[in-house]
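Hello,

Here is the model I promised to pass on. Could you open it alongside this note and follow along?

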Amino acid sequence: MTAQKRRRNNAPVRPRRPATGVPDLLFAIATALLTMAAIFVAASFMDEDLSNGDAGTDLARIFAATLALSGILLALMGFLLLRDERGRADHYRVPIPVGGLIGGLEGAMFLDPQAPVFLLGPLLLLVFALRPVRRGLAGLFGARGRR
């Protein structure tokens, strides 16, 4: 009985592709949702003019809970899509503050019914969460070499 030799696999190993810009957008949207959830929870406890009765405050709290759950799930999806780049701060440094700004603006617009509202306006800030835009702005302001 002869022993069969195992064949060597000399094929080059393909390096894994880097993460796309999708996780960065997911982190920005998740932070916006979590910020809005915090604003609505705080408003439901502190703002007596939120509604005429208990139903309005309860609905605001339920809405805040669904926003928080959605934000957590989006952040987990973004974290899973990062693959090997989970430790790079580039994916968190700009999208999270941009998302916080968007969530703060959206929450303020929702809570002030008399203000002229363009609810899609703050969502236009999501463009700053995209990596090509961030790199272009870093090159424009001379911050390309820093990490």
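Below is what I found, starting with the ground rules and the overall fold.

This is a predicted model, in which local features need pLDDT of at least 70 and side-chain atom pairs count only at pLDDT 80 or more, while totals for chains, interfaces and linings use all residues. Residues are numbered from 1 along each chain as its sequence is written, and side-chain values use heavy atoms, with hydrogens and water left out.

The protein chain has 5 helices and 0 strands; here helices (H or I, at least four residues) and strands (E, at least two) are DSSP runs, numbered from the N terminus. Buried residues make up 25% of the 147 residues in the protein chain, where buried means under 20% relative accessible area, exposed over 50% and partly exposed in between (1.4 Å probe, protein chains only). Taking contact as heavy atoms within 4.5 Å, 71% of the contacts between residues at least 6 apart in sequence join residues at least 24 apart.

Now to a helix pair. The axes of α1 (residues 22–46) and α4 (residues 95–111) come within 7 Å and cross at roughly 40 degrees, which makes α1 oblique to α4. Axes are lines fitted to C-alpha atoms, for helices over the stretch in contact, and angles run from 0 to 180 degrees between N-to-C directions. Angles under 35 degrees count as roughly parallel, over 145 as roughly antiparallel, 65 to 115 as roughly perpendicular and the rest as oblique. On the α1 side, the residues that meet α4 include F27, T31 and M36; on the α4 side, those that meet α1 include I96, G103 and E106.

E106 deserves a look of its own. This residue sits in helix α4 and counts as buried because its relative accessibility is 6%. Leaving aside neighbours within four places in sequence, E106 is in contact with M36, L119, P122 and L123.

Then there is the largest nonpolar core, with 9 residues: L26, A30, L33, M36, A37, F40, A64, L67 and L74. A nonpolar core is a set of buried Ala, Val, Leu, Ile, Met, Phe, Trp, Tyr and Cys residues joined through side-chain atoms within 4.5 Å. The elements giving two or more residues to this core are α1 and α2 (54–81), and its largest share, 6 residues, comes from α1. Not counting residues up to four places away in sequence, L67 touches L33, M36, A37 and F40. Apart from this core lies another, of 6 residues, among them A28, V98, L126 and A129.

Best wishes
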